[in-house]
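Hi everyone, thanks for making time this morning. Please have a look at the sequence and the structure on the screen, and then I'll walk you through a few spots.

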Amino acid sequence: MNELRENFANDSGLQFTLRQMQRDLANWRVHGLLLILAAVLAWSGPFDTQSAFSLAGRFAFWAATTFLTYWAAHFFAKWTRFHLSARRTPRHFALVAVILVAGLAATVAVLPVTIAVAGIAALAPSAIAATATHAFLIATAAVAAMELLARDKPAETEEPQRPQPPRLLTRLPVEKRGPLVSLSVSDHYVEVTTGAGRHLLLIRLKDAIDETAPVNGLQIHRSHWVALEAVSAVRRENGKLFVETTAGDRLPVSRSCLDDLRQAGLLPR
């Protein structure tokens, strides 16, 4: 439900539903289950289909009926649930509404199949009632399957994902790997300072900075980069600006980087 509310702010109901359908249509397990259901119905021949068709005919009829009713029910159930969720409709009322809409959509979707098979007789009230019964049963099964999947989904999405560490840390000895603090040029090397210590790497500063993502940092001088979370203070001495880090370093700030420092909220505007 939270996913639906978040998407309601960004998508239309049609956009959200189409995106969900595209994902669900790629699920081969669903198609496999529908084929198994069609095979079972063809073998058992319910609703007088055993006497009306051969085994191959029954399978063709039930395959078309099952797929049409399921996907029509699936589409309109998703679309209806999207709008009901946005209006915070109580769960039980929403479920009844979704089943009714899905059943109606499934009935309309399967009518062409019944008309093609039975002709104009498929439009008789008793025939439409039988078609609607089949469609509502499959639609209810489709909605129930979606409900079960929706209940399982939060357990997957709520599991916190660990952020990937900066690629730069993989260049350091294991004992020196920790939260990035700063990078400083030292001759042809870059001194990497972390919460676990310091280490020199033979690398260009630009290339080292490119490997700091996803850490939020800022180049404050042509020879220095600092992680914003590692800035403990910004001080001015004798007209020059310095950044103090949690590692106890004082790094100079060049004039060309002042605007970046202001935008990062480290200097008054």
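So, where is Asp 249 found, and between which strands? Asp 249 sits in the loop that links strand E7 (240-245) to strand E8 (250-253). Please keep in mind as we go that this is a predicted model.

Is Asp 249 buried or exposed? With a relative accessible area of 18%, Asp 249 counts as buried, because the cut-off for buried is under 20%. The side chain of Asp 249 makes a polar contact of 2.9 Å with the side chain of Arg 198. Setting aside residues up to four places away in sequence, Asp 249 touches Ser 182, Thr 193, Arg 198, Val 243 and Glu 244.

Let's step back to the whole chain for a moment. The protein chain has nine helices and eight strands, and of its 269 residues, 38% count as buried. Its accessible surface is about 16400 Å², with 60% of that belonging to carbon and sulfur atoms. If we take contacts with a separation of 6 or more, 52% of them are between residues 24 or more positions apart.

Now for the inside. In soluble globular proteins, nonpolar side chains tend to be buried together. Here, the largest nonpolar core has 16 residues, and Leu 168, Leu 183, Val 190 and Val 192 are those with the most contacts inside it. At least two residues of this core come from each of strand E1 (180-186), strand E2 (189-194), helix H8 (205-210) and strand E5 (224-227). There is also a second, separate core of 12 residues, and among them are Ile 220, Val 253, Leu 261 and Leu 267.

Let me zoom in on Val 192, which lies in strand E2. Val 192 has a relative accessible area of 1%, so it is buried. Beyond residues up to four places away in sequence, Val 192 touches a set of residues including Leu 168, Leu 172, Leu 183 and Arg 198. That's the Arg 198 whose side chain is joined to that of Asp 249 by a polar contact.

To finish, let's go out to the surface. Leu 33, Ile 36 and Val 40 form a nonpolar patch there, and together they have about 300 Å² of accessible area. Leu 33 belongs to helix H3 (residues 28-44). Which is Leu 33, buried or exposed? Its relative accessible area is 58%, so Leu 33 is exposed, the cut-off being over 50%.

That's my tour, and I'm happy to take questions!

How values were computed
Residues numbered from 1 in each chain as written. Predicted model: local features only at pLDDT ≥ 70, side-chain atom pairs only at ≥ 80, totals over all residues. Heavy atoms only, no water. Helix = DSSP H or I, 4+ residues; strand = E, 2+ residues; numbered from the N terminus. Buried < 20%, exposed > 50% of the residue type's maximum accessible area, 1.4 Å probe, protein only. Polar contact = N/O pair within 3.5 Å; in protein donor to acceptor, adjacent residues only side chain to side chain. Contact = heavy atoms within 4.5 Å. Areas by Shrake-Rupley, 256 points an atom, 1.4 Å probe, with all protein chains shown as cover. Patch = residues over 30% accessible without salt bridge, like charges linked within 9 Å, V, L, I, M, F, W, Y side chains within 5 Å. Salt bridge = Lys/Arg side-chain N within 4 Å of Asp/Glu carboxyl O. Core = buried A, V, L, I, M, F, W, Y, C linked by side-chain atoms within 4.5 Å.
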